[in-house]
Every structure is written in structure tokens, then in C-alpha cells.
Amino acid sequence: DIWYDGQIDALNWINYDFNWYKYFRILPRPEIETSNKYGEDYLVTHLYSATSVEHKMESWYILRLLKDLKSLGKKIYVISTPEINNFYDTFPEEDNIELFNGTIKEVCNLISNCTGFIGVDSAFRLISQSFDKPTLTLSKNCQGHGQIPEFQQIRWLCWPEWTFGLHHSTT
């Protein structure tokens, strides 16, 4: 038997004797039962991180982004938690924009049936990518569309073509 250290930050895996890059963009799907109880044509967003100061966007940008997404005419679910719901209190109530507070399984199910996902650099974008959903990531580690340092591409932002800076134009 051979033991491989797959811990992502150590980067030991890039020197192993197998073609790791062949599997680099393949993510296993969460093992959950999926059912579509949210509608046919909706977007999912995760725009405010409760745990990471590095990936927080200001309310003015989030409000503008949601306004522009609303113009697409789709239902928009905003992943949140009870602890950060008050962040969205100042936003105007909209019929097609809904805060979604759910368990991880419920969020995975929501994402599994969406039309597309837009979010900060969080694990939810990886869940979206595992379900082969169009996924746009907004990251502080991106200076412009696809402009990500290589060490960030190897570790976290494996899809530079779908990555934009935190305050990228919403139009």
C-alpha cells in the first residue's frame, strides 16, 4: 500500500507518481438525495461570509449585484444563516429574492437544481461545481477576470476562467 498526503496546503501531492492534474477539476458530488422543490429556473448566491473577513463584500456592492441579477427575471436564493440575516435587513424586500437558511444538505439540494451560482470564495462554489452548474466566483485573490496567482489556482481557485475580483462590474 502507498500512502498519499492529500492535504492541500502542503502541496506534497504535486510531486507524486500519478497524473494528479487529470483529476484536478473533478469534485465528488455530495451524497444527498436531491429533489427540486424550489422551482425550475433560479439562481443561488452566497455573497456574505460569516466566518471569513477576507471574503466579505460591502452591502452597497451586494445590493447592486442583486439588483442587476433581478433584472434577469429569475428567482434568486441568497444563502444566509440566522447569525447574518440582519446584514440583509437594510435591503428592500423583493418578490423574487429570498434569504435561504438551511442545513448543509438543504443548501446542497438547493444548489443541485439551480440554473447558476454566484458567490464568494467559499465551499458552496465547490458544491455548485460538483453538480456541473455554471459557477462564478468573486475572490479577493483575483485582480481581474481570471487573473489569479498560480499558487492560488493550485490550492483553491482551480477555475480562473470563472473567477472575478470581489468588486467586479455587475453589468
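A charge sits over a ring if NZ of Lys or CZ of Arg is within 6 Å of the ring centre and within 35 degrees of the ring normal. In this structure, K75 lies over the face of Y77, 5.4 Å from the ring centre. Welcome to the model, which is predicted: local features need pLDDT of at least 70, side-chain atom pairs count only at pLDDT 80 or more, and totals for chains, interfaces and linings use all residues. Residues are numbered from 1 along each chain as its sequence is written, and side-chain values use heavy atoms, with hydrogens and water left out.

**The overall picture**

- The protein chain has four helices and six strands; helices (H or I, at least four residues) and strands (E, at least two) are DSSP runs, numbered from the N terminus.
- Of the 171 residues in the protein chain, 43% are buried; here buried means under 20% relative accessible area, exposed means over 50%, and partly exposed is in between (1.4 Å probe, protein chains only).
- Take the contacts (heavy atoms within 4.5 Å) in the protein chain between residues at least 6 apart in sequence: 58% of them join residues at least 24 apart.
- The protein chain exposes about 10100 Å², and carbon and sulfur atoms supply 53% of that area. Accessible areas come from the Shrake-Rupley method with a 1.4 Å probe, and for residues only the protein chains shown count as cover.

**Salt bridges**

- A search of the whole structure turns up four salt bridges, each being a side-chain nitrogen of Lys or Arg within 4 Å of a carboxyl oxygen of Asp or Glu.
- One of them joins D41 and K74, with the closest N and O atoms 2.9 Å apart. This pair links distant parts of the chain, 33 residues apart: D41 is in the segment before β1 (42–46), and K74 is in the loop between α1 (59–70) and β2 (75–79). D41 counts as partly exposed, at 40% relative accessibility.
- K70 and E94 form another salt bridge, and their closest N and O atoms are 2.5 Å apart. Here too the pair links distant parts of the chain, with K70 in helix α1 and E94 in the loop between β2 and β3 (97–100), 24 residues apart. K70 counts as partly exposed because its relative accessibility is 33%, and E94 counts as partly exposed at 27%.
- D121 and R125 also meet through their side chains in a salt bridge, at 2.8 Å from N to O. D121 is buried at 12% relative accessibility, and R125 is buried with a relative accessible area of 3%.

**Aromatic rings**

- A pair of aromatic rings is described by the distance of the centres and the angle of the planes. Rings of Phe, Tyr and Trp (its six-membered ring) pair if their centres lie within 6.5 Å; planes under 30 degrees apart count as stacked, over 60 as edge-to-face and the rest as tilted.
- The whole structure holds ten aromatic pairs. Among them is the tilted pair of F87 and F91, at 6.0 Å centre to centre with 55 degrees between the planes.
- The rings of Y88 and F91 have their planes at 80 degrees and their centres 5.4 Å apart, so this pair is edge-to-face.
- F87 is buried, with a relative accessible area of 18%; F91 counts as buried at 12%, and Y88 counts as buried at 6%.
- Y38, Y42, Y77 and F100 form one aromatic cluster.

**A closer look at Y61**

- Y61 is found in helix α1 and counts as buried because its relative accessibility is 1%.
- Leaving aside neighbours within four places in sequence, Y61 is in contact with L138, L166, H167, H168 and T170.
- Y61 and L166 are 105 residues apart in sequence, while their C-alpha atoms are 9.1 Å apart in space.

**A closer look at D132**

- You will find D132 in the loop between α3 (123–130) and β5 (135–139).
- D132 is a residue other than glycine with a positive phi, near 60 degrees.
- D132 is exposed, with a relative accessible area of 62%.
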